[in-house]
Amino acid sequence: MDSDDYLLHFKGYNFERSLVRSDLLENLEDFEIRDDDVFIITYPKSGTIWTQQILSLIYFEEHRKQTQKMDTIERAPFLEYNIRTTNYINRPSPRLFSSHLPYYLVPNGLKNKKAKIVYVYRNPKDVMTSFFHFSNLVVKFESADNMQSYMNTFLDGKVVGSIWFDHVKGWYDNRQKFNILFMSYEEMKKDLKSAVQKICKFLGKELSEDDLDAVVKQATFKNMKSDPRANYNDVLKYELGTRNDNGHFLRKGTIGDWKNHFTVEQSERFDKIFQKKMKDVNLKFIWDINEE
Ligand code: PPS
């Protein structure tokens, strides 16, 4: 399989072909937004399912207390990948959505700045490392021979989500048009409780100390990995299909795994491109678990 087999190019952006419906894409801009909608927006492999779990725990007591078993993909379904064919129009408020869309393809209603967006970004070397493993796991994606060739594929944007730099920079440069909170994967990893508090503040949600603790506890890597509502094992098994049984969405869940995969030359090449493309982007990036 090559990239053209599984990527659908639409208005300058790459979608996973078999998971999207083109009539839905054509009408995305007009999709009606409610003032209390909340969107989780990410470039792939940046902490999407983690944030789906966090927001599901914050918003739904039955999720937090585990009195209702519903997968996070149904609590915060992907707008453009409606793989469980949820009826979005009839969903009760508040609606949570997830999306990998670039800023210029999201529904126009988000620009009235009432509905909220939590945009999660991650250092792109770890994004690329995570994507590399994912591409070799999931049947629907083009597999990658080695990091060297995958780096070219990733930098050229021949992946779902297109060019990482365009996605993050696009959202950052256009942030004034939206009601948006930028969160980094790394700040969530380093201090999950503070990250959850920051998200709650942005969403205007006040949780008791016990509820806050319940959110944090159930959103740790270890607990999510064993939580069938949140670990996406069923999505892998039934909706995406895997090349082997050992892979998971929750793979390592750490900062700096790229160091186990990049050569010094590859890292330096990446740094040069990063510095050039991101020089005007005032977001903090953390590349190492020990970094402050
Ligand atoms: S996807 O396919 O775009 O929806 O993937 P996404 O969920 O954005 O990213 C998957 C990576 O997020 C890691 N992850 C977590 N890390 C830390 N803590 C928690 N709770 C957590 N949940 C998911 C997951 O392990 C993937 O990263 P890697 O580096 O591959 O482990």
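Start by selecting helix 3 (48-59) and helix 12 (221-225): each supplies at least two residues of the shell around the ligand. Helices here are DSSP runs of H or I with at least four residues, strands are runs of E with at least two, and both are numbered from the N terminus. Helix 3 gives the most to this shell, with three residues.

This is a predicted model, in which local features need pLDDT of at least 70 and side-chain atom pairs count only at pLDDT 80 or more, while totals for chains, interfaces and linings use all residues. Residues are numbered from 1 along each chain as its sequence is written, and side-chain values use heavy atoms, with hydrogens and water left out.

**The ligand**

Next, select the ligand and the 20 residues around it, of which Thr48, Ser130, Tyr185, Lys252 and Gly253 come nearest. A residue is near a molecule if one of its heavy atoms lies within 4 Å of it. By class, the shell has nine nonpolar, seven polar and four charged residues. Here Ala, Val, Leu, Ile, Met, Phe, Trp, Tyr, Cys and Pro count as nonpolar, Asp, Glu, Lys and Arg as charged, and the others, Gly among them, as polar.

Now display the side chain of Tyr185: one of its polar atoms lies 2.7 Å from a nitrogen atom of the ligand. Then show the backbone of Ile49, where an N or O atom is 2.9 Å from an oxygen atom of the ligand. At Phe249, a backbone N or O atom lies 3.4 Å from an oxygen atom of the ligand. Taken alone, the ligand exposes 650 Å², and the protein buries 97% of that; these areas come from the Shrake-Rupley method with a 1.4 Å probe.

**An aromatic pair**

Select Phe131 and Tyr150 next. Their ring centres are 6.5 Å apart and their planes stand at 65 degrees, so the pair is edge-to-face. Rings of Phe, Tyr and Trp (its six-membered ring) pair if their centres lie within 6.5 Å; planes under 30 degrees apart count as stacked, over 60 as edge-to-face and the rest as tilted. A search of the whole structure finds 37 aromatic pairs. Phe131 lies in helix 6 (residues 124-137) and Tyr150 in helix 7 (residues 147-155), so this pair ties together parts that are 19 residues apart in sequence.

**Two backbone stops**

Most residues other than glycine have a negative phi, and most peptide bonds are trans. Go to Ser93 and Pro94, which are joined by a cis peptide bond with omega about -5 degrees. Pro94 is in the loop between helix 5 (72-75) and strand 4 (96-99). Finish at Lys11, in the loop between strand 1 (7-10) and strand 2 (13-16). Lys11 is not a glycine, yet has a positive phi of about 50 degrees.

Note on methods: Polar contact = N/O pair within 3.5 Å; in protein donor to acceptor, adjacent residues only side chain to side chain.
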